[in-house]
Each structure stands twice: as structure tokens, then as C-alpha cells.
Amino acid sequence: MSVIIEKEKLVLRELLKESKFITPVLDEKYGLRFLSFEKALGASPEEAKEILEKLTEEGFLRKRLFAVIRKCIYCDAQTFIIIERCPECRSRRIKFNTIIQHTECGYSGAKEEFGSGDRMVCPFCGKTLANAESYKVLGYWYKCLDCDATFSEPIHTLVCVNCRNEMELEESDVRPVYEYEIVEKKVESEIPTIEMGRIEEILGNEWRIEYPSSIVGKSGISHVFTAIIRGNTDRNKDKEIIIDLNMGVSEVGEDAITRFYAKSVDIGSNSVYLVAIPKLSDRAKKIAETLNIRYVEGSTVEEAFMTLKRIIEE
């Protein structure tokens, strides 16, 4: 079983307090995105989707169809402007009309025939329509300003906001969009609760902890770490220790080392520690030592942080 980064596990526990579903929301740029999950992890929309799929493969999430959307056949974007066209000549110059009936005299016609604004007058009997009860809506129709055709249903075409190409509704790419259901039993049984209050007790008043923490690297990419420990006294106020906590069933493998190394190099800090629970695999240790990665092991989170405290206070 591959290792799942601890901060991702913690995010699932936190989200579960609010809802058991991770649901996409509308976004002007991305169409649909998992904003709450992105914010909790400090991840991009693309990274969030990748992590959601990984957690699904591990059994912590269950996919459920949320909606079926249309995507651009030219650039894969999912934000469109809907254009209505005349079904006879395909002109865009069509006029929308509401057909109403004067309740008192029975005359029916386009709403614009009755005037506009606060004063509406029946063109047949000349009486004023005092309020909305004075008439009823019978239906709607369109008129083409180029060929004079009248019709109830126009043709709908889509113009992609991103690439500006236009396509028929039927031509656009149909894609399913999923929401993710948190598998509560698996989360509760396999993701341990980390009591940050207990970690704060271990570190003592000389240190304060911020979690999770997002740091922008030299590449401009925002990297999320489990926590940052900062000095809280005059003696250590300039100290900042960045930690990334990973947990495995029996050990943490080399994939965690690879991920950790890439982002620790990008942020350029010399005080970054990988915390492995219960331990690193032998191969992971060799890689860590080759790459000069600082790491701390512990059979429990408490044990690991006690060790970490001794190291940072030396």
C-alpha cells in the first residue's frame, strides 16, 4: 500500500466534520473545481484532482456522479457563451417576445405592444393594465430580424470563452464530473487523530506551531507542509523549522522522500525535516542520506516530536 501524505489524511478528517462529500463548485476560469479541498491543502486545481484520485484508489474516497458537463472540442475549456440562432437562416439577429393576454378584454399580443415601463395599455381596448393580475403570460416566441421567421425554439450554439471558437451544442464534448464521498469508516479506522494540543505540550511555551503551512518556492509553486515550528522566545525567535509528516502502515517508502526532496529544494530552507511514522524503509533511508535530507522517526507521533524537540534545541 503506497503512503498517503499525512496532511492529506488530516484534511479528510477536517472536511468530514463539515460534510461527507467533497463537491465541485463553479469557477469562471476552471469551470468546476474542488475549492474547499484546494484551500485546505494549498494545492492547485490540477494537483487537487490528482490527490483526490489517489485517495480514491486507496479507498478513502468513493466517486459519485455529480453532473454531466460540456467541454470545448478545440481547447477542452468548459466555459461558454450560449448563442441563440434562427433555425431557418441561422442568423444571430433574433428577437425574444413574451405573449400576454389582457384579462379583462381577452386581447393577446406581444408584451411590447402594451408599452413598457410603469404604464402598460391594452392596444385593443385602451385600458390601463394596473398590475400583474391584469394580464397573464401565454407563452414565448422569437422573430428573426433577417428572414422574418417566427419560432418557439431557437438553435443553441456555444462560443468558447477561452479560444472563441463556436460549435453546435451537440458537437461539444460531453464529460462526466464526479464528487467524492469520504468513506467515513475507513477514515476513522485507518487515519489516526493527531492531537495538535499534545504536540504543543511537547514543544512547550518556547515554540509555537502553525499547521498546515503553505510556502511559495523559487519556482513560484506553492508547497504545503504539515507544519512550521517557530521560536517563541527572545533566545530562539529567529528559528523556523519546517516539517512534513508522513505515515505508513509499517514504514514510509522512498516515494515520500522523492516528493519531500523536490519541494524542500524549491523552498531553499536548511531547516526542513521529514517526520516518518513509524520509520523509513531501508531504501528510503539510503536515499535520504544520499540527498542530505534531515529526518526524524518515531513509533508514534509523540515520540517523533520529542526527538525533534531535542534536535532543534541542541
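Close-up 1. Strands here are DSSP runs of E with at least two residues, and helices are runs of H or I with at least four residues, each numbered from the N terminus; two strands pair if DSSP finds at least two bridges between them. Strand β15 (residues 173-182) is joined to β2 by 2 bridges in the antiparallel sense, and Ile22 stands opposite Tyr180 of β15.

Residues are numbered from 1 along each chain as its sequence is written. As the model is predicted, local features need pLDDT of at least 70, side-chain atom pairs count only at pLDDT 80 or more, and totals for chains, interfaces and linings use all residues, while side-chain values use heavy atoms, with hydrogens and water left out.

**Close-up 2. The open sheet β8-β7-β11-β12.** This sheet has 4 strands in the order β8-β7-β11-β12, paired antiparallel. Its edge strands, β8 (108-110) and β12 (150-151), each pair on one side only. Strand β11 (residues 135-144) runs antiparallel to β12 and is joined to β12 by 2 bridges. Lys143 has Thr150 in β12 as its bridge partner.

Close-up 3. Of the 5 residues in strand β19 (residues 227-231), 4 are buried, that is, under 20% relative accessible area, with exposed meaning over 50% and partly exposed in between (1.4 Å probe, protein chains only). Strand β16 (residues 207-210) pairs antiparallel with β19 over 4 bridges, and Arg208 is bridged to Arg230 in β19. Strand β20 (residues 240-247) also runs antiparallel to β19, joined by 4 bridges; here Ile229 has Ile241 in β20 as its bridge partner.

**Close-up 4. Cysteines Cys72 and Cys163.** The whole structure contains 0 disulfides, a disulfide being a pair of cysteine sulfur atoms within 2.5 Å. The sulfur of Cys163 lies 3.7 Å from the closest cysteine sulfur, in Cys72, which is too far for a bond. Cys72 counts as buried because its relative accessibility is 2%. Cys163, at 26% relative accessibility, counts as partly exposed.
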